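Colleague: Could you go through this model with me? I'd like to start with some individual residues and then move on to the rings and the core.

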Amino acid sequence: QVQLVESGGGLVQPGGSLRLSCAASGSIFSIYAMGWYRQAPGKQRELVARITHGGTTNYADSVNGRFTISRNHAKNTVYLQMNSLKPEDTAVYYCNADLMVTTGLDDYWGQGTQVTVSS
């Protein structure tokens, strides 16, 4: 069974930093891409950042220059370093991964981790 386990959310003051982690485990042949999405109350889930197996990254305009996504291939883990956080970054952050598993290529989601930016 494939799982994505997230950690690192919490409460931080505006201007502060947080680092999210997401580890993929289970019967995984390869990872095509991993990324982070977020969903604020009353809003649709949106892409925050994504990184491919080859290292190509893309970011939402609202976080570009403040957030950095990275991966540790050996640990099947993706990270999201969030700096200069703003109240509008408050949301539940979800890890997402495109994984090649025994049944083929499939899309997986983590359970979500709350990030709250408030003074």
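Colleague: Leaving aside its neighbours within four places in sequence, which residues is alanine 91 in contact with?

Modeller: Before that, a caution: this is a predicted model, in which local features need pLDDT of at least 70 and side-chain atom pairs count only at pLDDT 80 or more, while totals for chains, interfaces and linings use all residues. Residues are numbered from 1 along each chain as its sequence is written, and side-chain values use heavy atoms, with hydrogens and water left out. With those sequence neighbours set aside, alanine 91 is in contact with Arg38, Gln39, Ala40, Thr113, Gln114 and Val115, where contact means heavy atoms within 4.5 Å.

Colleague: Is alanine 91 buried or exposed?

Modeller: Alanine 91 has 1% relative accessibility and therefore counts as buried (under 20% relative accessible area; exposed is over 50% and partly exposed lies in between, with a 1.4 Å probe and protein chains only). Alanine 91 belongs to strand S9, strands being DSSP runs of E of at least two residues, numbered from the N terminus.

Colleague: What about asparagine 96, where does that one sit?

Modeller: Asparagine 96 is also placed in strand S9, which covers residues 91–101, and at 2% relative accessibility asparagine 96 counts as buried.

Colleague: Which side chain does asparagine 96 make a polar contact with?

Modeller: The side chain of asparagine 96 is joined to that of aspartate 107 by a polar contact of 2.9 Å; such a contact is a pair of N or O atoms within 3.5 Å, one able to donate a hydrogen and the other to accept it within protein, and residues adjacent in sequence count only if both atoms are side-chain atoms.

Colleague: Switching to rings, how many aromatic pairs are there?

Modeller: The count is 1 aromatic pair, the rule being that rings of Phe, Tyr and Trp (its six-membered ring) have centres within 6.5 Å, with planes under 30 degrees apart stacked, over 60 edge-to-face and the rest tilted. The ring centres of tyrosine 37 and tryptophan 109 are 5.0 Å apart and the planes lie at 65°, so this pair is edge-to-face.

Colleague: And what is the relative accessible area of tryptophan 109?

Modeller: Its value is 36%, so tryptophan 109 is partly exposed.

Colleague: Last topic, which residues touch the most other members of the largest nonpolar core?

Modeller: Among its 32 residues, those are Met34, Trp36, Leu80, Met82 and Tyr93, a nonpolar core being a set of buried Ala, Val, Leu, Ile, Met, Phe, Trp, Tyr and Cys residues joined through side-chain atoms within 4.5 Å. Strand S9 gives the most to this core, with 6 residues.

Key:
Helix = DSSP H or I, 4+ residues; strand = E, 2+ residues; numbered from the N terminus.
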